[in-house]
Amino acid sequence: MIIILLFINPNLFAQAITLDRAKLVPNQVAISLGRVMGKEAVRVVKDSSVTKVDEPTFVRIKDVTFSNGTLEVKVLSRLLRNAPELARGFIGVAFRINDTNSTYESIYIRPTNGRADDQVRRNHAIQYYSYPDYKFDRLRKEAPERYESYADMALNEWITLKIVVSGPEAKLYLNNAKEPALIVKDLKHGAAASGGGVGLWVDVGTEGYFTDLKITQQP
């Protein structure tokens, strides 16, 4: 049993939702439910037919709409046995997803980079991108270092991601840290695009697990 706590409005009530397959809508991914590292979790693997990266490969949470507030989830990433050399354990969250899954914002992590013996790879441990026009390669080329950062992390461990979104800005906090590990001041779809779905996102070579998702809505 997987619980998502939805704090719909501080003036209304906090609603707990039990997630089952009826609440999970896979989009270009395969999913299953099970227990891993002491927690009930959703397992997510990217469809191997999707060859491009930074694509809408996520599990969308049914009947959830998010504009501004806080998204918090525990993630655990492993590499698949057939993972390509470029695999980094890509795992994260997509938010403000439109109805057709054709536009959204996303922040994800690359756990293998967190403790790599290469400073450049370490600097790419965290990534923001905006689908479809601003994938990681374009952002890295046009604004190097602005949308990526370093944080200590590794495969096969639970990592808490907390994304605080307000208008055109988003901040990522890791493992209950007081200071953000990444600050994005200019979400590419802008504040006007606020309001959309939430997805549990993975990319190539990743066996991703998600649990303890909390969504706090703010006006």
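Me: What makes strands 10 and 11 a pair?
Reply: Pairing asks for at least two bridges. Strand 10 and strand 11 (residues 148-149) are joined by two bridges, so they count as paired, and they run antiparallel.

Me: How do you know that strand 9 pairs with strand 10 too?
Reply: Six bridges join strand 9 (residues 104-109) to strand 10, and the cut-off is at least two, so they pair as well. The two run antiparallel, with isoleucine 107 opposite tyrosine 128.

Me: Why is strand 10 called largely enclosed?
Reply: Buried means under 20% relative accessible area. Six of the six residues of strand 10 (residues 126-131) are buried, so the rest of the structure largely encloses this strand. Ile126, Tyr128 and Ser130 are buried on one side, and Gln127, Tyr129 and Tyr131 on the other, leaving both faces covered.

Me: What makes strand 3 and strand 11 edge strands?
Reply: The open sheet has seven strands in the order 3-6-15-8-9-10-11, with antiparallel pairing. Strand 3 (24-27) and strand 11 each have a single partner strand, so one side of each lacks a neighbour in the sheet.

Me: How far is the model to be trusted, by its pLDDT?
Reply: This is a predicted model. The protein averages a pLDDT of 91, and 91% of the residues score at least 70. Over residues 7-17, though, the pLDDT is below 50.

Key
Residues numbered from 1 in each chain as written. Predicted model: local features only at pLDDT ≥ 70, side-chain atom pairs only at ≥ 80, totals over all residues. Heavy atoms only, no water. pLDDT = per-residue confidence, 0-100. Contact = heavy atoms within 4.5 Å. Buried < 20%, exposed > 50% of the residue type's maximum accessible area, 1.4 Å probe, protein only. Helix = DSSP H or I, 4+ residues; strand = E, 2+ residues; numbered from the N terminus.
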